[in-house]
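Take a look at the sequence and the structure below. The text then walks through them step by step.

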Amino acid sequence: MSVYVIASILAMAAVTLFCRAAPFLFFMKSRPPPVVDFLQIYIPPMIMTVLVLGSYKAISFAKAPYGLPEIVSGLAVASLHLWKRNTLLSILGGTALYMILIRVM
Amino acid sequence: MDKNDDKSAFKAAFSASVPVLLGYITIGIAFGLLLVKSGQPWWLAPVMSVVVYAGAAQFMGVGLLASGMGIAQIALLTLVINARHMVYGLSLLDRYSASKRWKAYLIFALTDETYGILTTVEPPTDASSDRARESFYAAVSALDQLYWVIGSALGALVGGLLPFDARGIEFALTALFIVLLVEQMRAVRRAPPYIVATIATGGALLLVGPANFLVVAILASILGILPFRKALS
């Protein structure tokens, strides 16, 4: 264990904390402008869209099984959730299906 | 009454955090295993998960530490990977404004998954006071970090010995994001944010590639939604 490793980890921690704290520090004294009120509503659905699509970025759709386990399981999660609206059931059901599909496909 | 509020907030937080439990334990194990294989002592895995607590940056850190990259460059790459968190905070300003006891920790512990739960899952209805709300946020944040710390310690200590073939269980996190997206679609029934974010993600993947697309996609989404401000209000 070297000073280098410890210093690197502290640097990573400091930068990460800075990223997370920046908006709160920036708007500590002043009221955020109205556009921030608008963004507070629309950022969450956009981030969730980006994160879902991003989860599919590593799949190679060009070769077998053509991303089918991911797509089928993802659709299963969404359908289960639209139907029963039970978060745990949707996630466990979809994950179990995915674990089966990657072994049989 | 305060104690009861805390208790029901904790219960609700635990059930909201179970999907993260599955994902963080397994991905944490993968992280711990990778770190030890790169030549670091086992305890560095839980230590990183306690003080850094940022999954993507920690995975990147394993490679950077092994290659002996300069500290300034490590800091810069961490900034690029975690810049998206600035946007998360921006949309939590109101939600966290009433927090006092736990605010600093809530900000420190803001990961993708915790952000998703806190912006989508409503705290229990019988706990509507500011205090109970804050307890719920703090409990979700702390449980999520606990899962991540336990996962990384397990992976570093016994990751190589696990007999159970858990391949694919990490899909739980994708499933969590899908569920949260469905919930967002129920709450925000307007097309522009979803269309803008889809185009932004596609464009970012094509332009900068899968390794660094996230921050570009999120910034492009924000720029892209601004012209719809009049139409959406």
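What radius of gyration does chain B have, and what would a compact globule with 233 residues have? This is a predicted model, so the answer is a computed one. Chain B has 19 Å. A compact globule with 233 residues would have a radius of gyration near 17 Å, which agrees. Along the principal axes, the C-alpha atoms of chain B fill roughly 55 × 50 × 35 Å.

Next comes the fold of this chain. Chain B has twelve helices and zero strands. Its pattern along the sequence reads α-α-α-α-α-α-α-α-α-α-α-α. Contacts in chain B can be sorted by sequence distance. Take those with a separation of 6 or more: 80% of them join residues 24 or more positions apart.

Chain B is also divided into domains. Domain 1 covers 2-188, and domain 2 covers 190-233. Their C-alpha centres lie 24 Å apart. Where the two domains of chain B touch, five residues of domain 1 are in contact with seven residues of domain 2. The domain 1 side of this contact has four nonpolar residues, no polar ones and one charged residue.

One residue of chain B can be followed in detail. B:Tyr96 sits in the loop between helix 5 (84-90) and helix 6 (103-108) of chain B. The cut-off for buried is 20 or more. Leaving out residues up to four places away in sequence, B:Tyr96 touches B:Lys103 and B:Leu106. Another pair involves B:Ile107, eleven residues from B:Tyr96 along the chain. The C-alpha atoms of B:Tyr96 and B:Ile107 are separated by 8.8 Å.

Now turn to the contact between the chains. Chain A gives 55 residues to the contact, and chain B gives 67 residues. Which helices of chain A each supply at least two residues of the side that touches chain B? They are helix 1 (3-26), helix 2 (34-55), helix 3 (68-84) and helix 4 (87-104). Helix 2 of chain A provides the largest share of that side, with 19 residues. By class, the side of chain A that touches chain B has 40 nonpolar residues, 13 polar ones and two charged ones.

The loops of chain A hold some backbone details. Start between helix 2 and helix 3 of chain A, where A:Pro65 has its place. A cis peptide bond joins A:Ala64 and A:Pro65, with omega about 0°. A:Tyr66 lies in the loop between helix 2 and helix 3 as well. A:Tyr66 is not a glycine, although its phi is positive, about 60°. With 13 C-beta neighbours inside 10 Å, A:Tyr66 is partly exposed.

The loop between helix 3 and helix 4 of chain A holds A:Arg85. Phi of A:Arg85 is positive too, near 55°, in a residue other than glycine. How many other C-beta atoms lie within 10 Å of A:Arg85? There are 13, so A:Arg85 is partly exposed.

Terms used:
Residues numbered from 1 in each chain as written. Chains lettered and ligands numbered in written order. Predicted model: local features only at pLDDT ≥ 70, side-chain atom pairs only at ≥ 80, totals over all residues. Helix = DSSP H or I, 4+ residues; strand = E, 2+ residues; numbered from the N terminus. Nonpolar A, V, L, I, M, F, W, Y, C, P; charged D, E, K, R; others polar. Rg over C-alpha atoms; globule rule 2.2 N^0.38 Å. Domains from an automatic or database assignment. Buried ≥ 20, exposed ≤ 12 C-beta atoms within 10 Å, placed from the backbone.
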